[in-house]
Amino acid sequence: MKTAILYLAGEKHCPLTIPFTAAEDGTDAVNWVLDRPDFLEQAICRYGAERPDLLVLEDSGEARGLAAGLARRLGGSCLFQVRELWREESGLLARRGAYNSNLQAVYRLRTPAVVTVAGRGAPGTETLENAAGILAAGRGIGGKQNFQRLAACAAALGAQAGATRPAVMNTWAEMERLIGQSGHQVSPRWMVTVGASGSGPFLAGVRAERLAAVDNDPNAMIFWNADLGIQADAGAFLDALEKELSGT
């Protein structure tokens with residue numbers, strides 16, 4: 001599948017990761033850098049010369065407007081905040097959040113398809129979006145002190161600390177740590193949630209290769225989505241983790 005990745009000149013961008021489930025699907029990609037002010041006309045001219053099946057932009061308000069205009073002019077389809085792409089005999093499929101991100105919906109895209117995806121952070125820096133590992137605190141973390149302990153453990157592991165909306169709204173964690181529908185969209189190699197119940201808006205922002213969950217409620221929804229579940233109090237888990245990291 002021929003893919004074009006569109007960058008808008010004048011903005012800071014890092015290389016976008018196309019969320020194909022099979023890595024080889026994203027190898028035939030070309031980069032288009034579009035200059036202001038006529039992004040749309042430039043993109044249409046480039047399309048006429050190269051005819052990609054898929055056009056990808058980093059999700060933003062301006063990019064969404066361009067994506068919608070491109071799809072309309074090219075007679076294709078448009079979808080925002082795509083989390084996953086794959087091909088079947090029936091064509092190109094995409095997954096994204098639906099119904100206030102309480103569900104994950106699958107869409108069949110008509111080509112040429114124009115989609116937006118989450119960015120991955122500035123080159124050479126690690127953020128929640130491009131972190132290899134994440135420790136994420138939920139309401140069950142119990143307070144700001146425990147979140148700070150979790151953040152210190154994350155740093156010792158070379159990971160990032162994240163939080164659910166209840167942890168942020170209680171001011172235990174900073175807003176920039178928010179993961180979920182209205183926060184960061186993350187796709188780490190591994191993620192451990194501590195005291196997070198597993199609500200739909202939170203899980204809509206999570207696409208971890210391996211997910212472990214720690215919660216003292218055996219019926220917590222997060223266990224249904226985790227590869228590994230640990231029934232434990234957040235404080236006791238942090239005690240054990242700190243002891244392991246200190247080597248004592």
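Reply: What follows describes helix α3 and then its partner, helix α7.

This is a predicted model, in which local features need pLDDT of at least 70 and side-chain atom pairs count only at pLDDT 80 or more, while totals for chains, interfaces and linings use all residues. Residues are numbered from 1 along each chain as its sequence is written, and side-chain values use heavy atoms, with hydrogens and water left out.

Helix α3 covers residues 144-156. Helices (H or I, at least four residues) and strands (E, at least two) are DSSP runs, numbered from the N terminus. With 13 residues, α3 reaches 18 Å from its first C-alpha to its last, close to the expected 18 Å; the expected span is 1.5 Å times one less than the number of residues. Just after α3, Gly158 has a positive phi of about 70°.

Asn146, Phe147, Arg149, Leu150, Cys153 and Ala154 are the buried residues of α3. Buried means under 20% relative accessible area, exposed over 50%, and partly exposed in between (1.4 Å probe, protein chains only). Seen down the axis of α3, these buried residues fall within an arc of 155°, so they line one face of the helix. The arc is that of the directions from the helix axis to the C-beta atoms. An α-helix has 3.6 residues a turn, so residues three or four places apart point the same way. On the face of α3 turned away from the buried side are the exposed residues Gln145, Ala155 and Ala156.

The buried residues of α3 pack against β9 (133-137), β10 (160-163), β11 (190-194) and α7 (234-246); contact means heavy atoms within 4.5 Å.

The axes of α3 and α7 come within 10 Å and cross at roughly 30°. Axes are lines fitted to C-alpha atoms, for helices over the stretch in contact, and angles run from 0 to 180 degrees between N-to-C directions. From α3, the contact uses Asn146, Arg149, Leu150, Cys153 and Ala156, and from α7 it uses Gly235, Leu238, Asp239, Leu241, Glu242 and Leu245.

Helix α7 also has 13 residues and reaches 18 Å from its first C-alpha to its last. Its buried residues are Ala234, Gly235, Phe237, Leu238 and Leu241. Seen down the axis of α7, they fall within an arc of 155°, so they too line one face. Lys243 and Glu244 are exposed on the face of α7 turned away from its buried side. The cover over the buried residues of α7 includes β9, α3, β11, β12 and β13 (228-231).
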